[in-house]
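Dear colleague,

Here is the structure that I promised to pass on to you.

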Amino acid sequence: MIIPIFIRPYGNRKPVNAQLGSIFNKMINFILDTNIYRTLVHGRSIEDLKLELKSNNELKKANGFKSIFPNIVAIELINHLLDSDGASIDCFKGLFYLIHDTRQNSSASFKGQVVPTIHDLATYYLFQQKSEHFTLNNNICHISHLIAHNGDNTNIKSYRSEIEQVMEFKRMELEGIIKNIEEHYLKPINNKGLVDWEIFDKNLTMKKEFKQLIKNKSFHQIFGFSLIQMAVNETKQEIAVFKMIDLENGMFKDFKKSIDFFVEHIWNKLIVTDKKEYLFNPETDPKKRWNSFYDLQLVFANEYENALGRKTALVTEEKRIRALFEKFGDGDLIFNLNGYKSLLKN
């Protein structure tokens, strides 16, 4: 696609680095990942959680902290609400905790800061426009509030249609990624134009070249361009041009951790996963390798908030995400659960 006018990511705003200063010293926002919410609620009653939430919200207010509502976490929690195992209970309580941890007042409807999925984050960043997924993104908070705000899980099945809508979005999103890999990468590199997930195991020269493209950061740049293409497609832009130097100082710089995470922990799976069925048929994978895509979205959300001058830390126990932040010198923007709790109390 030809793109002929460069659209600045920040409009007429000053460069982000010039905006930080005092804002970063006074306030910090937090994004908690899905497993943190599950851990916080496991084996505990709703009444116990209410007491903790009240205390934590008072501490956050006193310290100038705020938790924000990540749609991707709500989607992951909602996705398991109809499961028949014990995980559904933790996911319901986790959703309850998420709502009350991120709401900014006690009104009947949810009021708080929401960070949408990667689709809207990319289109807002590049074009200040909604994506094709905006309607669902806009509804996630409402659906979550309807289902879990009062802590009563006895009527979950009455929201089956809403839950299944979210489950279908999650399924279609992953299916779309897999199809894109097949259509835009696996087919073109195969002389016969066929999809072959085992092509790198059969062709060791090609596998060596793949590794070299990761090592020299070529795939990093390719993924950066794919984010732009996604935003163009989502907003149906007919014409847009991005100067390379502006991308290097804009999207490629602001989302350097996300790009690196994708290449190292998602794209690299094409050659390091022995059983390729786990990649093209995720339901068969006992280790749920595609969950890395949702970790990616949390990293992307964190970088988006910080790119807009809103200092935001991610709370997670995932060692590879913590290592990623340290690798890029952002150790002050990542906490484990104990570190987060200690910060609240100081």
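The second largest pocket holds about 750 Å³ of space, where a pocket is an open set of points on a 1 Å grid over the protein atoms alone, with protein on both sides within 12 Å along at least five of seven lines, and where a cavity is instead a set of points at which a 1.4 Å probe fits but cannot get out. Grid points are joined across faces, edges and corners, and a volume is the space filled by probe spheres set on the points. Please bear in mind that this is a predicted model, in which local features need pLDDT of at least 70 and side-chain atom pairs count only at pLDDT 80 or more, while totals for chains, interfaces and linings use all residues. Residues are numbered from 1 along each chain as its sequence is written, and side-chain values use heavy atoms, with hydrogens and water left out.

The second largest pocket has 26 lining residues, and those nearest its centre are Asn79, Lys170, Lys288, Asn291 and Tyr294; a lining residue is one with an atom within 4 Å of a point. Two or more residues of this lining come from each of α2 (34-41), α8 and α17, and α8 has the largest share, with six residues. Helices (H or I, at least four residues) and strands (E, at least two) are DSSP runs, numbered from the N terminus. By residue type, the lining of the second largest pocket has eight nonpolar, six polar and 12 charged residues, where Ala, Val, Leu, Ile, Met, Phe, Trp, Tyr, Cys and Pro count as nonpolar, Asp, Glu, Lys and Arg as charged, and the others, Gly among them, as polar.

The largest pocket has about 910 Å³ of space. It is lined by 26 residues, of which Gly176, Ile177, Asn180, Ser226 and Met230 are the closest to its centre. The elements that supply two or more residues to it are α6 (118-127), α8 (160-186), α11 (218-235), α14 (256-267) and α17 (292-307), and α11 gives the most, with nine residues. The lining of the largest pocket divides into 15 nonpolar, eight polar and three charged residues.

Seven residues of the lining of the largest cavity are nonpolar, none is polar and one is charged. The second largest cavity has about 30 Å³ of space, and its lining includes Pro70, Asn71, Val115, Gln297 and Ala301. The largest share of the lining of the second largest cavity, three residues, is from α17, and this lining has seven nonpolar, three polar and no charged residues.

Rings of Phe, Tyr and Trp (its six-membered ring) pair if their centres lie within 6.5 Å, and planes under 30 degrees apart count as stacked, over 60 as edge-to-face and the rest as tilted. The two partners are 57 residues apart, with Phe210 in helix α10 (residues 204-215) and Trp267 in helix α14. Phe210 counts as buried because its relative accessibility is 1%, and Trp267 counts as buried at 10%, where buried means under 20% relative accessible area, exposed over 50% and partly exposed in between (1.4 Å probe, protein chains only). Ring pairs join Phe210 and Trp267 with Tyr185, Phe200, Phe219, Phe223 and Phe262 in a cluster.

Elsewhere, the charged end of Lys257 sits over the ring of Phe325, 4.8 Å from its centre; this requires NZ of Lys or CZ of Arg within 6 Å of the ring centre and within 35 degrees of the ring normal.

For the chain as a whole, there are 19 helices and six strands, and 50% of the 346 residues count as buried.

With best wishes
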